[in-house]
Amino acid sequence: MGIYIFRRMVSAIVVMAMVGVFVFLLLRFAPGDPAAIIAGDNATPQMIAGIRERLGLNKPLPVQFMHWALSMLGGDFGSSIFTGRPVLQLLSQRLEPTVSLSILTWILSVTMGVSFGILAAWRAGGSIDRALTVFAAVGFSVPVFVVGYFLVYFFAISTRWLPVQGYQPIANGVGPWLVHLILPTAALSVPFIAFIARITRASMLEVLSEDYMRTAAAKGASPYAMLFHHALKNAGVPILTVVGLSFAYLISGVVLTETVFNVPGVGRLVVDAINSRDYPIIQSVLILTSGLYVLINLAVDLAYTLIDPRIRY
Amino acid sequence: MSQTSAEIKVVSQGRVRTRGLVRIVRRHPLIVTGGGLLVILIIAALAAPLYAGDPMALDPFKRLQSPSPDMWFGSDNLGQDVFARTMYGARISLLVGLTAAVAAALGGLLIGVIAGYVGSFDRIVMRVLDGLMSIPTFLLAIALISLTGPGIVILIAAIVIPELPSVTRLVRSVVLSVRERPYVEAALCGGARLPKVLWRHILPTAIPPLMVQSANVCAGAILTEAGLSFLGAGMPPEIPSWGNMISSSRLYLPIAPVMLFAPGVFLAITVLAVNLLGDGLRDLFDPRSKRRR
């Protein structure tokens, strides 16, 4: 077990190093001068020369990479071209809305997705199952920003039940915070609910056809005990895998949803960075989210042993 | 007498034909629905100049009009015909989706086959792909485009590159399993050259899962292009792509919702058609999956 955790961690570090090499080479092989890209459009030749000196662009590539990687490991992710402030500081200011939106989306989509999936598998072929199949196909195909505008149109513009856009920090009270996050969360959750429900249904159906389920039924287990005690536990591994993998998908959704609802989070920071050609911000978000993705999937791998004692490494 | 028998024959033939068609629809409802929708969309996109107006024509006197028999989806803030723009927008989405699917399939096939046969290449490439797979695809596309500026070629490259790892892994796994099969060994012992074995034995095994995967890539590419254009990092803004249309109409949502919902609904239908086709193909090639879903 200890050896497994160690090996898994080493491979996560190797993957992270590959991500680093890749992101590093992205800038070096881009058309144009990397120093000019980092300096921005309004930079003077002196500024560009200074950045070239600082990045060590006249040194060999491996030396440049070590230099670059070490400064990131030391917490220096560079400065924004547009505001001149450290990227990490800008990111930390934008973290609360994004984390709030992501956590609410995870909670909503896992609870809804897993319950829909269980219901559909329990009455496979029935009307709930059919409705779910249609919802899963459509929900997975409609882009989150289109869902977002539909929700805005019907629940904010036409009925005025909810705010059209914007964000309130949780420090201003849980009520306003939650009210502003209802529509973004609902929009962002649609594809996840569809995806998780589909996987849950498939893996539940697989388990429900096992011999031990028939045995449980023969011994008089209630439907509740059968579904939740016998089946869900065994169907948990694929569901957990999907929840881990969907993180990458969550990020694109967050960028789009924050744009629709004008939520001042990390996603808006990235979009503003595209428009002002602020590459240091994009590079840092790329590295940090990749790191988070590697960590989440590491955690998911290790969590397998907790939910399924049969998996031993 | 002979006339009646001829009639009977015609009638029965007709019945057989419809039965055949009904059977195909019954057996493969997803392929028929998805494929049918996709064919209609492709024809509508290609034939747009025949029935839709000029998507670029400006008319300052007809701004933000409601839908009318003249302009089915009304007009946008510049007085452009939203119906014409939506129909021309299908061209961009389908072009990006199909090109990305073909490019990812060919790229994955090439790298996957080499990786499956050349051990040293395999070890390096798989580590590189592991790294590439850990970078969220949408952000990677944003980074690529922000380095080079918008344009359709870089856009397709930015969509295809993040998709390569999954396609390559698929092809590689097929190669690794098929190349150990007795019939492949027999072919090689019988003097068949490696390219011939690849063409005759490995490619046909890889094609079915590759088609399913390509449908996924296609749907993803259409969504990514729309998303990137929506953020202002995709197609140049004057091009009538669905993402651009949604982006430029968001300010007018309260007064001209059709301007936003027309491209939005078409976008959703197109992606749905591709996804249905992909699901149908998977059921066709892997009947086990049908039972499960």
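Select chain B: its secondary structure comes to 12 helices and 0 strands, where helices (H or I, at least four residues) and strands (E, at least two) are DSSP runs numbered from the N terminus. From the N terminus on, the elements run α-α-α-α-α-α-α-α-α-α-α-α.

This is a predicted model, in which local features need pLDDT of at least 70 and side-chain atom pairs count only at pLDDT 80 or more, while totals for chains, interfaces and linings use all residues. Residues are numbered from 1 along each chain as its sequence is written, and chains are lettered from A and ligands numbered from 1 in the order in which they are written.

Stay on chain B and colour by burial. Of its 293 residues, 46% are buried (20 or more other C-beta atoms within 10 Å of the residue's own, with C-beta atoms placed from the backbone). Among chain B contacts between residues at least 6 apart in sequence, 69% join residues at least 24 apart; a contact means C-beta atoms, placed from the backbone, within 7 Å.

Next, colour chain A by pLDDT (the predictor's confidence in each residue, from 0 to 100). Its mean is 84, and 99% of the residues reach 70 or more. Confidence is lowest in helix H2 (residues 34-39) of chain A, at a mean of 75, and highest in helix H5 (residues 87-122) of chain A, at 90.

Finally, select residues 174-208 and 223-261 of chain A, helices H8 and H10. Their axes (lines fitted to C-alpha atoms over the stretch in contact, with angles from 0 to 180 degrees between N-to-C directions) lie 9 Å apart at about 160°. That makes H8(A) roughly antiparallel to H10(A) (angles over 145 degrees).

Methods
Angles under 35 degrees count as roughly parallel, over 145 as roughly antiparallel, 65 to 115 as roughly perpendicular and the rest as oblique. A residue is buried if 20 or more other C-beta atoms lie within 10 Å of its own, exposed if 12 or fewer, and partly exposed in between; C-beta atoms are placed from the backbone. Two residues are in contact if their C-beta atoms, placed from the backbone, lie within 7 Å.
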